[in-house]
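Have a look at the chains below.

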Amino acid sequence: MILNKISIAEIKERMVKYPRRKSVILPALTVAYRQVGHLSDQIYREISDIIEVPYIEVAEAASFYTMFPKEPVGKYLIQVCHNISCALLGADSLVGYLEEKLGIKKGETTPDNLFTLISVECLGSCASAPMMQINDKYYENLTREKVDRILEELRRQG
Amino acid sequence: MADTVATVTLTINGREVTVPKGTTVLEAAKSVGIEIPTFCWHPKLKPVGACRICYVEIEKMPKLQVSCATEAMPGMVVNTESEKVKEGRKAVLEFILINHPLDCPTCDKGGECDLQDNTFAHGIDDSRFDFNKYRFIRERKSTFDDYRIGPEIVRNQNRCILCFKCVRANKEIFGEYDLGVFQGGNISEIDTAPGEKVDSIYSGNLVEICPVGALTNTDWRYKIRVWKTQQVKSVCSYCADGCNLTLWKERDKVYRVTSRRNDVIDEGWICDVGRYGYQLASVEGRLTTPLIKKGDKQVAATWEEAIGLIARKFREIKDKKGGVCIGGLISPQQDCEALLAFSKFFRTQLHSNNIDFRTEYKMLPEKESPYYSRLTSASFRIADIENSDTILVVGTNLIKEHPIVHLRVRKAVNQKGAKLYTLNPFTTKSGDLSRDEIVHVPGTLEAFLNGLCIGLAEKADGEGNVRAAELKARLEPNTTAKAAEICGISEARLNDLAEALRSAKKISIIVGELVSGSPAREAIAAAIHNLTVVLNLNERGQAAILSRAANSKGAERLGVMPSLSKELQQKLKSMWGGFPETEGRATDRMIHAAKKEELDALLIIGANPVASFPDGQFVREGLDKLDFTVVADLYETETTEKADVVLPLSSWVEQSGHFINLEGTMQRFEAAIKPVGNSRPGRQIIEDIAREFKGGLFADAHEIAREMQELLNVEPRPSFPDAVAEVKFAEEKIEKDYPYPLFVVDEMHHFGHLTERSRSLAAFAAEAQVEISPSLAEKLQIENGSLVRLESETGKLVLPAKISEMLDNDVILISRNFSGTAANMLQMRKKRIDRVRLIRVDEK
């Protein structure tokens, strides 16, 4: 078992709140992600057994959401929005700049395991494009200078 | 009040259309012959509106609407062909084709592709998309992305238009959860669950339902272009469901089988055995010429020599000892014409009643068994299952025995809210659907049914049509508590089931092979009969023992059994001007007689009793004693090995004929190809022997048809009398040394002794395995694939183990379908339940 007692208890608690078991898939995946830091086939199986939803439906839902990394990621997961508004305002070059600054390609993790860089579908912050999400926090109206400052700050925190 | 269906009237393309309330705009249009293009719509699936090609314009609605998911409303004014609609469809197709590889010249779907057809009819000849197409590449860099998702299915995601029909049908109709939609948007893909494969018994339907070339099967891929083939109407020759098929052939080869939708039987779904089973007609190793045994060898001979020898030998035996010293076994997968000819040959020319079609069941009754016959001939409709609110499935792994009946049960439960109860000696897949999956101690079924009858009568409290006291006098066990104890089930569960049946409005009771194959079949049938009496089922439902093979019902109705009902006997007597007075022998009595040298010859057509009759030792000894054995089959089998004359038999795709399905519906199938080699259809072989022996059996084809019709007109006595049958349960002694009940069953993807020759079916399973539950595996320290030795009182067998998540009690299942695995060696003909012990071994 990957999921610990606390996570299992938390998932079971959520089950009471929804009329359909399928609805618990996302909360359960979130609980698992918070515990482990990423998801895996084994976790889908465990969730499927707990909430009694077919394994494939858990796996399907998890695959849809880029917010859930499926492999181990760095301490800071940088998710740059690449949808229309952000793309029009330079998301592509922003990803390029981050690749250059971090010395990794999109989809990779820095050797010190501090940063993972990915690009994702719309994060619902079009008015403040271009933007990115690092772990749970939004960083908006980005410029290269702003990115420098953010990375510096995170590196300092370690 | 309930009979008047509320209707709505709307206008489509200027025509007024009236349809039942709840109909979609698409179906309303279809009902008056207005075609609207579709991809994701399917008549048997819930609409999802995923592809958007079925756009129509509806007045007062600002945007185009998807007609498949829009309910027809009173006064709606719909236009399916306006300029705006045409523009909309063009735009949808432009989007769908953005990443499509446009590889029609090498795509197997070319010529029968909805995407081709709809683009041809509604699309544009250009695209504004000038970026690189997104490509799904799995295993190697190739436009084709040939990614295998199951033993038979190859996926090409680049061709997929995301209609989701495969995934929807898989979940909604088949209840399988091995295929899904992963990722999202542009990169959505159809795939298996991580680490799994698509290998259910229904898997081929996913290919058939695909509107484009995204899912193809190895059966058909790169073999032929569809427009070069011709289509032949056929009917499945395996189980008794009677699914309608289309054979796709060119010259002398069948290339594939698809369903030919028949809503009262199959609703357009067929199982993989029916889909791929045709392949055994044309693989290496078919018997192509008669063989005659000379010394130790079987030597090729002409038909004239073989038939001449058979007729001479039969005449010799008949003249010397009488025709009763000759017996006949014929496969219930032979057509009605062959079965009737077989019966007529034996009865009118050999004057012998020694004929049978049941070569897999032990201790067949010598006399007619009234309750059993009553239930096998009871009127039963597959389509009526879905009108039942309560369904009781008894003694069958239904998904395996009757995959399409299982789908109807699924439909009743999932779409119509029916309550399903299963009653079996081991857990089955139908259990997933059931309110209560009752697993009784093997060999105690009638005890449980007695308890159920008592429970029901007590609940009725004197108001039912049978009083509890009357029942108690005729039954043993005769209390619910005693019955529950014998079966190893709590009394509360028994009572819950009784309550569910009591309060049901319409009931279907479906009984299968674990009853018909049991030596206690008559006692169990009597107990089920009692249940139908207590429930007054004549007025509120149906109950039947389902027949096993494609034409088992035909064999019963046409009288291919040693003892027949009086009505059938009389009919045959008047039709044929005589009927043998001697008592006939069933399969095991024939073998027994052979062993005692009271039977001298056997004519076996399409059956393989040496490997299938439950008691391998017994059948081998019996056949060895025969003076003269004739066996007709497609391939060499354990039985042809013992034959003095081997005749090459044609398969059902090489001939036309009729099958009678488990409902009693007679269906015609057409020949697709010529007989392979020098093989001949069963009917012709029998006619040939008869002609040489005494003279032709039938003047012409009309005479066969007329005789068949006359026999089918004989009422099979479908109604149940009210009297309660006596049912006394007697416990079978269990040898402590052999603790585990053994069930010899069909492997999920096989049926009978020939399907292992089908390449596609062998891809699902190619050898017998010992199926055990995870808990038994743990107890005996057996792992998946480890070799185990099975020992019974009569035989030993070493096979790999398969831990089945489906099973959860201590029983053992082995499949009967593979040559080289004589599972029947472990069985004993006189035991009700075969028992074995199981030992892990390191090597054979």
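## A buried aspartate

This is a predicted model. B:Asp108 sits in the loop of chain B that runs between α2 (83-96) and α3 (114-122). B:Asp108 is buried, yet it has no salt bridge. Why does B:Asp108 have no salt bridge? The nearest side chain of opposite charge is B:Arg221, 5.0 Å away. A salt bridge needs the nitrogen and the oxygen within 4 Å, so B:Arg221 does not count as a partner for B:Asp108.

The side chain of B:Asp108 does reach the backbone nitrogen of B:Tyr222, at 2.8 Å. Which residues touch B:Asp108, leaving aside its neighbours within four places in sequence? They are B:Thr216, B:Trp220, B:Arg221, B:Tyr222, B:Lys223, B:Ile224 and B:Arg225.

## Where the two chains meet

The contact between the chains takes 10 residues from chain A and 15 residues from chain B. The area buried between chain A and chain B is about 920 Å². Carbon and sulfur atoms give 58% of that area. On the chain A side, A:Ile56, A:Glu60 and A:Ser63 supply 52% of the area buried against chain B, more than any other three residues.

Three salt bridges cross between chain A and chain B. Six residue pairs are in polar contact, both residues at pLDDT 80 or more. On chain A, α3 (41-51) and α4 (55-64) each supply at least two residues of the side that touches chain B. α4(A) gives the most to that side, with seven residues.

Side chains of opposite charge can pair when their charged atoms come close. One such pair is A:Arg45 with B:Glu196, a salt bridge at 3.1 Å, N to O.

Another joins B:Lys171 to A:Glu60, with the closest N and O atoms 2.8 Å apart. This pair crosses from helix α4 (residues 165-172) of chain B to helix α4 of chain A. Are these two residues buried or exposed? B:Lys171 counts as buried because its relative accessible area, 16%, is under 20%. A:Glu60 is buried too, at 12% relative accessibility.

## Salt bridges within a chain

Over all chains, the structure holds 64 salt bridges. In chain A, A:Arg156 pairs with A:Glu153, the closest N and O atoms being 2.2 Å apart. The two residues are three apart in helix α7 (residues 144-157) of chain A, so about one helical turn separates them. A:Arg156 is exposed, with a relative accessible area of 62%. A:Glu153 is partly exposed, at 32%.

In chain B, the side chains of B:Glu621 and B:Lys595 meet in a salt bridge at 3.1 Å, N to O. B:Glu621 lies in helix α22 (residues 616-625) and B:Lys595 in helix α20 (residues 587-595), so the pair ties together parts that are 26 residues apart in sequence. B:Glu621 is partly exposed, at 32% relative accessible area. B:Lys595 is also partly exposed, at 32%. Some salt bridges join up. B:Lys44, B:Arg261, B:Asp263, B:Glu267, B:Glu386, B:Arg408, B:Lys411 and B:Lys416 are linked in a network of them.

## Domains

Chain A is divided into domain 1 (5-64) and domain 2 (76-157). Their centres, taken over C-alpha atoms, are 28 Å apart. Chain B is divided into domain 1 (7-96), domain 2 (129-282), domain 3 (291-364 + 552-697), domain 4 (381-545) and domain 5 (740-840).

How do domains 4 and 5 of chain B meet? Their centres, taken over C-alpha atoms, are separated by 27 Å. In the contact, 20 residues of domain 4 touch 17 residues of domain 5. The area buried between them is about 1400 Å², and carbon and sulfur atoms give 60% of it. B:Lys400, B:Phe426 and B:Thr427 supply 41% of the area that domain 4 buries against domain 5, more than any other three residues. Two salt bridges are counted between these domains. B:Arg816 forms a salt bridge with B:Glu513, with the closest N and O atoms 3.1 Å apart.

Terms used
Residues are numbered from 1 along each chain as its sequence is written. Chains are lettered from A and ligands numbered from 1 in the order in which they are written. This is a predicted model: local features need pLDDT of at least 70, side-chain atom pairs count only at pLDDT 80 or more; totals for chains, interfaces and linings use all residues. Side-chain values use heavy atoms; hydrogens and water are left out. Helices (H or I, at least four residues) and strands (E, at least two) are DSSP runs, numbered from the N terminus. Buried means under 20% relative accessible area, exposed over 50%, partly exposed in between (1.4 Å probe, protein chains only). Lys and Arg count as positive and Asp and Glu as negative; His and the chain ends are not counted. A polar contact is a pair of N or O atoms within 3.5 Å; within protein, one must be able to donate a hydrogen and the other to accept it, and residues adjacent in sequence count only if both atoms are side-chain atoms. Contact means heavy atoms within 4.5 Å. Domain bounds come from an automatic or database domain assignment. Buried area is the accessible area (1.4 Å probe) that two parts lose on being put together, summed over both.
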